[in-house]
Amino acid sequence: MKKIVLLFVLSLFSFIGCKNQSEKKTVQKELPKIAIAGIGIESSTFSPAQTGEAAFHAKIGDSIFGRYHFFDAETDIRKRAEWVPTLLGKSLPGGIVTREAYESMVEKTVRMLKEGMPYDGVWFDIHGAMSVVGMEDAEGDLITRIREVVGPDVLISTSMDLHGNVSETLAKQSDLITCYRMAPHEDALESKERSVRLLLERLENGKGKPAYKAWIPVPILLPGEKTSTRIEPGKSLYAKVPEVADQEGVIDAAIWIGYAWADEPRNHAVVMVTGDDKERVTQGAEKLANAFWEVRNEFEFVAPVGTLEESLALALKSEKKPFMISDMGDNPTAGGAGDVTWTLQQILNRPEFKSENDPSIIYASIPGPQLVEKALEVGVGGKISATAGAEVDDRFAPPLEITGTIESIKEGDRDAEVEVVVKVGSVHVIVTKKRKPYHHKSDFTNLGLNPMETDIIVVKIGYLVPELYDMRGDWIMALTPGGVDQDLERLGYKNIKRPMFPLDADMETPDLSARLIPASNE
């Protein structure tokens with residue numbers, strides 16, 4: 001009898017164990033299946049440069065997780081879904097993307113998406129200002145081709161830079177959509193995480209696609225250097241976004257400044273609000289759009305501006321170190337070619353920097369693969385004379401002969417590959433094999449330079465990123481020529497929609513009423 005009872009108890013435990021395992025399997029199956037994809041770059045169509053596939057340093061599969069702290073293995077986000085990372089390519093800003101590079105990355109993305117089908121959602125991480133040869137709306141094309149694979153019912157959450165562009169196609173094919181709320185983009189990862197969490201929430205609560213998406217094109221086109229959220233009116237304008245987004249019945253709200261250095265019909269500001277309460281969604285969008293329009297005349301450069309000559313004159317008089325000068329026209333982080341030699345030519349011709357004992361100056365930077373190759377042969381301490389720059393953009397000045405002493409050589413940088421410091425008089429010229437932005441103190445100290453004890457630092461940039469901003473003794477932005485010229489009038493737009501403020505400063509007040517965009521499956 002005891003044996004029978006024992007067998008019964010064992011059988012019962014076995015049954016319960018099997019049942020628990022079955023329930024665990026059921027729970028696992030109930031996790032939403034979400035793909036990850038995206039291609040991101042800011043592309044100037046006013047630069048002669050073109051961007052190839054190698055510039056995107058595309059990550060495939062699980063390597064994508066390493067880009068985002070919120071995808072670490074033990075995070076709740078990682079555990080709340082079955083994630084299928086496909087291809088994620090992110091490039092430094094640059095010239096228009098070649099059609100071959102774009103098609104190659106899209107083909108890989110589509111193939112990987114097909115292999116992992118079906119999906120409940122897609123996290124679409126882009127910049128929003130990618131231009132591709134022969135296209136007017138690259139991101140609209142990309143999301144449409146993703147839709148063709150995953151289907152119209154799958155929930156897509158799109159994460160963007162506030163300097164991206166939101167065409168009507170992108171608005172329709174995106175179910176959830178958001179962008180940064182700060183410029184400089186100190187909230188970039190926070191914004192991306194928000195877009196992921198909103199996607200998870202809509203899948204987990206079963207609400208799915210928002211009932212309403214309000215899209216308002218705002219005919220304003222301004223450079224980022226005039227729309228920083230550090231100062232007014234951008235600071236107060238973006239402070240209104242959470243007031244709308246945090247309402248009951250609203251999922252999210254966003255303002256896109258747009259990208260000023262591409263000549264396409266989609267290049268302009270946009271407001272979007274998504275949610276399930278029609279009145280709050282539409283009124284919130286109209287509130288933000290009208291607030292933007294009302295302050296359009298108040299946007300000014302985030303720092304003093306002047307010609308290069310005026311900027312150098314101020315720097316030479318200043319006792320504050322380092323005096324930062326933004327060489328704005330060829331800013332590689334806005335889409336400039338990065339190899340315009342005009343500014344460096346002016347500096348090296350100045351009598352104030354001819355002697356080693358003259359005011360110290362760092363110039364960051366100029367690509368010069370031929371000089372770099374020669375420097376590797378000569379070595380540190382050797383004399384060098386070689387040309388650099390203007391291989392891509394020679395419209396404003398020719399390649400520049402640089403003659404001086406090699407002070408340091410550093411190999412292995414992700415972007416530059418090789419960096420060489422050449423001392424010419426009192427100027428430390430940073431020459432790179434490939435273009436590189438200089439945003440961190442370590443970018444200089446790793447080359448043996450001491451930026452905090454340098455009189456003047458000239459950087460190819462627009463507004464200073466946080467670390468440079470904190471380093472500055474003083475700062476001015478120089479109105480220099482290049483593919484991201486701050487004088488928009490000089491660019492010669494042909495394809496943007498007109499009228500457009502400030503190009504058409506006296507234009508009539510536009511229609512800023514909310515346009516409800518249908519869902520992707522309608």
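Okay, let's start with the annotation: UniProt, in an unreviewed entry, gives residues 33-315 as "domain: Microcystin LR degradation protein MlrC N-terminal". Those positions are in the numbering used here, the feature name is shortened, and the annotation may be inferred rather than shown by experiment.

Quick housekeeping. This is a predicted model, so local features need pLDDT of at least 70 and side-chain atom pairs count only at pLDDT 80 or more, while totals for chains, interfaces and linings use all residues. Numbering runs from 1 along each chain as its sequence is written, and side-chain values use heavy atoms, with hydrogens and water left out.

Now the domains. An automatic or database domain assignment sets the bounds: domain 1 is 33-300 + 513-517, and domain 2 is 305-485. Over C-alpha atoms, their centres are 33 Å apart.

So what does the contact look like? With contact meaning heavy atoms within 4.5 Å, domain 1 puts in 22 residues and domain 2 puts in 25 residues. Together the domains bury about 1,800 Å², with 57% of that on carbon and sulfur atoms; that's accessible area (1.4 Å probe) lost when the two parts are put together, summed over both. On the domain 1 side, the residues losing the most area are Leu92, Glu225 and Arg230, together 33% of what that side buries.
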